[in-house]
Amino acid sequence: MKDKTKLAALGRPHHRPAHPVNTPVERASTYLFPTYDDYLEGAKSITYGRLGTPTHRALEEAVTALEGGFETRLAPSGLQACNAAILAFVAAGDHVLMTDAAYDPTRKFCEKFLKRFGVETTFYDPLANEEDIAALMRPNTKVVFAESPGSLTFEVQDLPAIAAAAHAGGAKLVVDNTWSGGYFCKPIALGADVSVQAATKYLVGHADCLAGTITSADEPTSQKIYYALLQLGSNVSADDAWLALRGMRTLSTRLERHQENAEELVKFLAKRKEVERMLHPALKSCPGHAVWKRDFTGASGLFGAVMKPVPLAAMKAFFNAFKLFGIGFSWGGFESLCLHVHPQNYRSATEWNEEGPVLRFHAGLEDIDDLKGDLERAFAAMAAALK
Ligand SMILES: Cc1ncc(COP(=O)(O)O)c(C=O)c1O
């Protein structure tokens, strides 16, 4: 099946002579077994709410097919999906290699939390090649973590090269695949052991719940993830699993439109005198562009713009003039967003030396002319504030 078909066909109920099109929400903590034999048999399937209901299984099935993995487990947020996927493979005395462009809370989990338990983390240049990673590997390196592209600075990572170096040193490659929605990039086919998504973004797609997905390439890897989540007592509500599956039905259509609107906005912004340069993997100037062309089939709606330096008052006027772009964390919903971000605060292996502010845009599904009009309004307000 091609991805568009998987998104429509998988995770649906097939078990009754007549059944609803979609898997319904099954809210449950307790399951009752009619007999003792059923209880013994039951241990192999659905037993207790925290271990997943048929609603969770349906979402897992669809994500596994989309990511091209062996099995998917769910987490209550994207952050916990990233953290559990690391935690599953480390113990006191181990070492983690993490991209310098990782989402800051994932970075903090390693820098602060894992450190308390004797796990050390080294950050690497997101543009590292196989030799660079090999040189940073230690005998105790258990996880190499990638996020491609980085969600603030958009460097695209060479996953096959990083996988080769990680595997040569006996480590797992875990990839945060949120930007591609699992649709434009398949980290497992590129050599990753685990592909993680903040389903909160494109899978859910409507900015109304949080969830994470962890897809493993093989059974032993998946077992480790399962036990990590089990021991953490992790749970996703059946309602949220249902919302994520519901979101996935329209993932391909939405992503193609996010891509189209983002491309238009990038062209529009690149021509503005207030903009220094654009950060978008489909641009030749974006670090890792050639890798993006080789490994991705498209680009989603999230991109950045490095602005020319402006006083804070002008920046405030720009943001306050928006009628459509929301000032908000997160992305991946149907709505357009813009956020002033500070990559220089989240780096240690590399430096971010741009003088001007960085704006991160999410191109939503609105009409492109209305979005351009909103930006024109914001630039006019900025110009007025500079007079
Ligand atoms: C790249 C990336 N990974 C992970 C996360 C964490 O997702 P959540 O907010 O669902 O915990 C985010 C959230 O912004 C993100 O941008």
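Start at the second largest cavity, whose lining residues divide into 2 nonpolar, 2 polar and 2 charged. (Here Ala, Val, Leu, Ile, Met, Phe, Trp, Tyr, Cys and Pro count as nonpolar, Asp, Glu, Lys and Arg as charged, and the others, Gly among them, as polar.) Select Asn-22, Thr-23, Trp-242, Leu-245, Arg-246 and Arg-249, and you have its lining. The space inside is about 50 Å³.

Before moving on, some housekeeping. This is a predicted model, where local features need pLDDT of at least 70 and side-chain atom pairs count only at pLDDT 80 or more, while totals for chains, interfaces and linings use all residues. Numbering starts from 1 along each chain as its sequence is written, and side-chain values use heavy atoms, with hydrogens and water left out.

As for terms, on a 1 Å grid over the protein atoms alone, a cavity is a set of points where a 1.4 Å probe fits but cannot get out; a pocket is an open set with protein on both sides within 12 Å along at least five of seven lines; and lining residues have an atom within 4 Å of a point. Points are joined across faces, edges and corners, and a volume is the space filled by probe spheres set on them.

**Next: the largest cavity**

The whole structure has 3 cavities of 30 Å³ or more, and the largest holds about 210 Å³ of space. Select Arg-50, Leu-51, Gly-52, Leu-74 and Ser-234: of the 15 lining residues, these are the closest to its centre. Helix H3 (54–67), strand S1 (71–75) and helix H8 (219–232) each give two or more residues to this lining. (Helices, H or I of at least four residues, and strands, E of at least two, are DSSP runs numbered from the N terminus.)

**Then: the largest pocket**

Its volume is about 770 Å³. Which of its 39 lining residues are the closest to the centre? Pick Tyr-103, Lys-201, Ser-330, Trp-331 and Arg-360. Now colour strand S10 (337–341), which gives the most to the lining, with 4 residues. Overall, the lining has 20 nonpolar, 10 polar and 9 charged residues.

**Last stop: H10 and H13**

Select 251–270 (H10) and 368–386 (H13): their axes come within 10 Å and cross at roughly 35°.

Technical notes
Axes fitted to C-alpha atoms, helices over the stretch in contact; angles between N-to-C directions.
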